[in-house]
Amino acid sequence: MGDYTKETVSDLLFQKIDAIIIVDAQKDTYKTVKKTGLFENILDDEGPYQKLVEMLWFHLNDDSTKIADDYHVFVPMIGKFKGKYVDKIKLKYQEQTHLVQISIYPVDDISNRYMFILDELDNSEYIREFLTGKKVDTIQSSFLFSMYVDLIKDIAYSINVTEISSNPQNYDVKYTVWRTMIVNMIWPEDQKLFMERTDPEYLKKNLEPGRTTSFDCQMKNLNGVFIWVKLIFSRAATTNDDDFRFVFMVQNIHESSLKLFDTLKDYEELASKDPLTSIFNHGRIETEITNSIESANSTGKPVSYMMIDIDHFKTVNDKFGHSTGDIVLKQFVNTIVDFIKDYDIKIGRWGGEEFVCVCYDMDMERLKFLSKLLKDLIVEVEFEKVGKLTCSIGLTELKKGDTTAVVFDRVDSAMYKAKSQGRNCIVIE
């Protein structure tokens, strides 16, 4: 094997290693002692240590895109290491991805000075890493972030941001500090819930050993885009009631949440719409009347109401049959919907041939004018198989102290007065 001394081994290692960097984290500086190959292009001779950390870890895997600025609050923490540390990262340079192994050694036990040894791995290792990563992806791709928490010591450690590195970082941070750092990445409307559910006293009080709690919210991903995530706390199952250690994980549920919201929206529409005419049904338009009263009370803007009834519709059903009656109803509704499309007016089927419109930001003078145009338009329509039809319209405007029942009774009374006065007319109450 030949005679190898400390000096010859040191010389051999220096020749084989691609890059060597000496770091002083406390002074935020680094100096490159050696660089070859890829590292000649990406490493400066010296510079700020935080910039080095950003270059090595704060980009998306297999991409040169920088991580959103909010996540850069973790730069000083990731740059501090306890003992020896090894990691593999992917760097993209000139459209080519390079797999790099980083070995980090503390210069001594008390200072924040380190020696970084960087080596680019060959293509076969990259392929093996890629295939392994694909296998892991099938299991863990939905988990974006994890860490362990000790509430008694107020420490979060073994922090792993999956898109930055597949390995946990060997630094720790005070859990109470972490909460204040991460809250800015939570959707503003969800921040109060986040602070409540992650509060140490809340977790101690509400989570028994071995139990898990979670809640959904929106959180920025590394691209700076808000996505739906599930935040999970699992308390360690120990026999010591005073042992408050937890696993915390962030799971990406964005796609499944969007699918769920679409499904819920579909069911909401089914529950809110009249199956024949596709406008609001009785329950939903009644809710709209209530909503309009609350809106008017808070904004001070006028709201008016219109009830429309097709004249002599029973004769249509008796003479032409209910299938023709359904066709007439749909054509009648389509005519109204097309007429009101440029206004903030919500329409619903109250029952049979009666329809209610909630007219936002509209006083009585304006509604009276529009309702006359609508009545005259209905007269001109040629309804399939039936020919000409007319309608009776009742109008009312929201008054101080009105309730949903009072508003409906008044507009209903106005509409029936229009029918009793000969139909094809408008009555205001």
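**Close-up views of a predicted model**

View 1. Asp266 lies in helix α9, which spans residues 254–272. The model is predicted. Asp266 gathers with Asp262, Glu268 and Glu269 in a patch of negative charge on the surface. Asp266 counts as partly exposed because its relative accessibility is 45%.

**View 2. Strand β12 and its two partners.** Strand β12 covers residues 245–252 and pairs with strand β7, residues 143–150. The pairing is antiparallel and runs over seven bridges. Here Ser146 has Met249 of β12 as its bridge partner. Strand β11, residues 226–235, also pairs with β12 in the antiparallel sense, over seven bridges. In that pairing, Phe233 meets its bridge partner Phe248 in β12.

**View 3. A salt bridge between Asp309 and Lys419.** The closest N and O atoms of this pair are 2.5 Å apart. The pair links distant parts of the chain, 110 residues apart. Asp309 sits in strand β13 (residues 303–310), and Lys419 in helix α14 (residues 404–420). Asp309 counts as buried because its relative accessibility is 2%. Lys419 is buried too, with a relative accessible area of 15%. Asp311 joins Asp309 and Lys419 in a network of salt bridges.

**View 4. Asp243 and Arg245 form a salt bridge.** Their closest N and O atoms are 3.0 Å apart. Asp243 is buried, at 16% relative accessible area. Arg245 is partly exposed, at 33% relative accessibility.

**View 5. Lys346 and Asp344 form a salt bridge.** Here the closest N and O atoms are 3.8 Å apart. Lys346 is partly exposed, with 31% relative accessible area. Asp344 is partly exposed as well, at 42%. The count for the model comes to 16 salt bridges.

Terms used:
Residues are numbered from 1 along each chain as its sequence is written. This is a predicted model: local features need pLDDT of at least 70, side-chain atom pairs count only at pLDDT 80 or more; totals for chains, interfaces and linings use all residues. Side-chain values use heavy atoms; hydrogens and water are left out. Patches are made of residues with over 30% relative accessible area and no salt bridge: like charges are joined within 9 Å, nonpolar side chains (Val, Leu, Ile, Met, Phe, Trp, Tyr) within 5 Å. Accessible areas come from the Shrake-Rupley method with a 1.4 Å probe; for residues, only the protein chains shown count as cover. A salt bridge is a side-chain nitrogen of Lys or Arg within 4 Å of a carboxyl oxygen of Asp or Glu. Lys and Arg count as positive and Asp and Glu as negative; His and the chain ends are not counted. The place of a charge is taken as NZ of Lys, CZ of Arg, CG of Asp or CD of Glu. Helices (H or I, at least four residues) and strands (E, at least two) are DSSP runs, numbered from the N terminus. Buried means under 20% relative accessible area, exposed over 50%, partly exposed in between (1.4 Å probe, protein chains only). Two strands pair if DSSP finds at least two bridges between them.
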